[in-house]
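These are my notebook entries on a single chain, written while I looked up one point after another.

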Amino acid sequence: MRKSLKAAAAGAACVVAGAALYGAGAATAGQSTANSTHEPYNIGLLVKDIDTYYGTAADSQGVYQASPDSPYAKDLARIDAAATSAIDKAARKAHHRGEKPAVVFDIDDTLLLSLDYEKRYNYTYNGTTWADYVNRADRPAVFGSPELVRYAASRGVEVFYNSGLSEAQRTAAVQNLKKVGADVNLDADHMFLKDKAAPPAYLKDCATPGTWTCTTVQYKAGTRRHIEKDLGYEIIANFGDQYSDLDGGYADRTYKLPNPTYFVS
């Protein structure tokens with residue numbers, strides 16, 4: 001379930017504060033919930049803080065962009081530097097042992113930045129407007145993420161994508177990833193998207209044709225389990241902007257990218 005800024009205002013500020021620890025690969029208990037009996041953080045002030053964090057500004061076409069000099073960009077650079085070093089070491093060890101190393105990336109706000117959508121719709125979610133936005137296939141890259149995808153591939157690491165986007169959005173996702181330079185393994189064998197009409201057998205405990213009850217953690221962890229147990233890979237790193245992208249195991253290290261604009265349980 002995707003929660004808007006209004007629904008998660010008290011908890012959203014925790015995301016940035018926790019990004020450095022989780023982003024370095026350390027395990028955490030996951031996202032805290034907003035259940036304080038005290039007055040929550042003011043939404044207007046929170047929006048200003050978010051704009052400052054991203055360095056938000058509209059470009060010449062009126063599209064809201066993050067600044068490459070922003071605190072957000074600097075946090076991403078630190079995470080990417082740690083991940084690059086860890087991938088190199090883990091890949092060499094895996095190849096030495098005869099294992100098949102892999103990395104897994106979420107897509108939304110891990111590879112493709114949705115800041116313009118969040119700003120335009122006041123940090124609320126609507127399935128129709130979101131689908132229209134995704135299908136335009138013109139989101140900018142999350143700073144450094146396409147380079148990380150290509151780096152992993154250059155080290156002989158298999159790249160997979162594990163996204164909450166729907167099967168109907170596959171074409172747009174592929175086009176957009178190509179556009180930002182994450183043009184690695186964009187075929188159906190490597191990009192896992194939600195197919196509620198015909199879910200894969202490995203999700204049978206929570207999804208059957210026409211009936212989908214999987215939580216985000218069940219869906220994403222179940223897909224990682226499939227990559228490891230059925231396809232024979234060792235996932236050395238898993239990247240996501242939500243704790244639900246990362247929880248559930250089946251990854252040696254997890255990297256939480258910052259995202260204070262929404263929360264997916």
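Entry 1, a glutamine in a loop. I looked up Gln-242 in this predicted model and found it in the loop between β9 (234-240) and β10 (254-256).

The side chain of Gln-242 makes a polar contact with the side chain of Asp-241, at 2.9 Å. A polar atom of the Gln-242 side chain also lies 3.3 Å from the backbone oxygen of Tyr-262. Leaving aside residues up to four places away in sequence, I listed the residues that Gln-242 touches as Lys-256, Asn-259, Tyr-262, Phe-263 and Val-264.

Entry 2, strand pairing around β5. I asked in which sense β4 and β5 pair. Strand β4 (residues 101-105) and strand β5 (residues 158-166) pair in the parallel sense, over four bridges. Within this pairing I noted Val-104 opposite Phe-160 in β5.

I next followed β5 to strand β6 (residues 191-194); the two run parallel and are joined by three bridges. Here Asn-162 stands opposite Phe-192 in β6. The chain passes from β5 to β6 through helix α7 (residues 170-180), and I recorded this β-α-β crossover as right-handed.

How many disulfides does a search of the whole structure find? The search returns one. Cys-206 and Cys-214 form this link, with their sulfur atoms 1.9 Å apart. I noted 80° about the S-S bond, and the link of Cys-206 and Cys-214 is right-handed. I also looked up the accessibility of both cysteines. Cys-206 has a relative accessibility of 8% and so counts as buried; Cys-214, at 10%, likewise counts as buried.

I counted eight helices and eleven strands in the chain. Of its 265 residues, 47% are buried. For contacts between residues at least 6 apart in sequence, I found that 68% join residues at least 24 apart. The accessible surface of the chain comes to about 12,100 Å², and carbon and sulfur atoms account for 52% of it.

Definitions and conventions
Residues numbered from 1 in each chain as written. Predicted model: local features only at pLDDT ≥ 70, side-chain atom pairs only at ≥ 80, totals over all residues. Heavy atoms only, no water. Polar contact = N/O pair within 3.5 Å; in protein donor to acceptor, adjacent residues only side chain to side chain. Contact = heavy atoms within 4.5 Å. Pairing = 2+ DSSP bridges. Right-handed = clockwise from strand over helix to strand, strands pointing away. Disulfide = S-S within 2.5 Å. Buried < 20%, exposed > 50% of the residue type's maximum accessible area, 1.4 Å probe, protein only. Areas by Shrake-Rupley, 256 points an atom, 1.4 Å probe, with all protein chains shown as cover.
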